Amino acid sequence: RLCILVACRAVSRPTAFGLARMVSIDVRASGEELMSTPQDEIREMLSRIKLFSELSEPELAQIASIAQRRRHEPHKVIVRQGDVNGDMYYVVKGLLKVTACDSHGREIVMNLLKSGDSFGEIAFLDGRARSATVTTIDPCELLEIRRGDFFRLLHRFPAINTNLLMA
């Protein structure tokens with residue numbers, strides 16, 4: 001874990017160097033790092049995802065508590081076609097490509113994802129294998145919600161289920 005003192009305007013404590021706040025970052029060997037993000041910013045991102053668009057502020061806050069923002073290097077595979085990882089992602093920054101292999105093993109680019117897009121909702125809900133591979137093109141920041149954490153949350157707060165069905 002690496003802690004960095006960051007200068008900013010809306011901050012929690014004055015220092016000898018002016019206003020600043022501590023930001024902690026988990027640096028991972030896999031070329032990704034976990035980023036600290038204010039909960040209100042995460043709630044705002046979640047509200048833009050169609051699946052969560054009908055949720056109340058308190059329900060979004062519960063989901064925000066399990067979401068993690070991560071930075072990824074270029075050319076990193078986030079999900080691979082055929083994998084059963086059911087996590088869901090929201091693109092905060094960057095560009096990613098969505099590809100699938102045809103019956104001859106050729107890679108076909110199906111879509112490009114940019115800031116504000118989300119992916120993985122189908123596997124997130126049904127737990128089935130991924131239908132495509134998603135790879136970063138340039139440095140990306142993604143908001144990640146792990147499927148297991150989400151379903152544990154639904155057991156604790158069943159009212160979220162009803163509002164999800166409305167979306």
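**Group meeting: side-chain pairs in a predicted chain**

I start with the rings: Phe-52, Phe-124, Phe-150 and Phe-151 form one aromatic cluster. Rings of Phe, Tyr and Trp (for Trp, its six-membered ring) count as a pair if their centres lie within 6.5 Å; planes under 30 degrees apart are called stacked, over 60 edge-to-face, and the rest tilted.

Before going on, the conditions. This is a predicted model, in which local features need pLDDT of at least 70 and side-chain atom pairs count only at pLDDT 80 or more, while totals for chains, interfaces and linings use all residues. Residues are numbered from 1 along each chain as its sequence is written, and side-chain values use heavy atoms, with hydrogens and water left out.

Now the overall picture. The chain has five helices and 12 strands; these are DSSP runs numbered from the N terminus, helices being H or I with at least four residues and strands E with at least two. Of its 167 residues, 38% count as buried. Buried here means under 20% relative accessible area, exposed means over 50%, and partly exposed lies in between, with a 1.4 Å probe and protein chains only. For contacts, the criterion is heavy atoms within 4.5 Å. Among contacts with a separation of 6 or more, residues 24 or more positions apart account for 64%. The accessible surface comes to about 9,600 Å², and 54% of that belongs to carbon and sulfur atoms. Areas come from the Shrake-Rupley method with a 1.4 Å probe, and for residues only the protein chains shown count as cover.

Back to the aromatics. A search of the whole structure gives four aromatic pairs. One of them is Phe-52 with Phe-150, which is tilted, at 6.0 Å centre to centre and 50° between the planes. What does this pair tie together? Phe-52 sits in the loop between helix H1 (39–47) and helix H2 (57–64), and Phe-150 is in helix H4, so the pair ties together parts that are 98 residues apart in sequence. Phe-52 is buried, with a relative accessible area of 0%, and Phe-150 is buried too, at 1%.

Tyr-89 and Phe-119 also form an aromatic pair, this one stacked, with 4.9 Å from centre to centre and 15° between the planes. Tyr-89 belongs to strand E7 and Phe-119 to strand E10 (residues 118–119), so this pair links distant parts of the chain, 30 residues apart. Tyr-89 is buried at 4% relative accessible area, and Phe-119 is buried at 6%.

Next, charges. Side chains of opposite charge can pair when their charged atoms come close. The criterion for a salt bridge is a side-chain nitrogen of Lys or Arg within 4 Å of a carboxyl oxygen of Asp or Glu. The whole structure has 12 of them.

Glu-141 and Arg-69 meet in a salt bridge at 2.4 Å, N to O. Since Glu-141 lies in strand E12 (residues 140–145) and Arg-69 in strand E5 (residues 68–72), the pair ties together parts that are 72 residues apart in sequence. Are the two partners buried or exposed? Both Glu-141 and Arg-69 are buried. They also belong to a network of salt bridges that links Glu-41, Arg-69, Arg-71, Lys-93 and Glu-141.

Another salt bridge joins Arg-146 and Asp-87, whose closest N and O atoms are 3.6 Å apart. Arg-146 is in the loop between E12 and helix H4 (147–156), and Asp-87 in the loop between strand E6 (77–79) and strand E7 (88–93), so parts 59 residues apart in sequence are tied together. Here Arg-146 counts as partly exposed at 34% relative accessibility, whereas Asp-87 counts as buried at 8%.

Two more items. Val-109, Leu-112 and Ile-137 form a nonpolar patch on the surface, with about 240 Å² of accessible area together. Patch members have over 30% relative accessible area and no salt bridge; like charges are joined within 9 Å, and nonpolar side chains (Val, Leu, Ile, Met, Phe, Trp, Tyr) within 5 Å. Leu-112 is placed in strand E9 and counts as partly exposed at 46% relative accessibility.

Last, Thr-136, in strand E11 (residues 133–136). Thr-136 counts as buried at 1% relative accessibility. The side chain of Thr-136 reaches the backbone nitrogen of Lys-76 at 2.9 Å. Leaving out residues up to four places away in sequence, Thr-136 touches several residues, among them His-72, Pro-74, Ile-78 and Leu-95.

Notes:
Polar contact = N/O pair within 3.5 Å; in protein donor to acceptor, adjacent residues only side chain to side chain.
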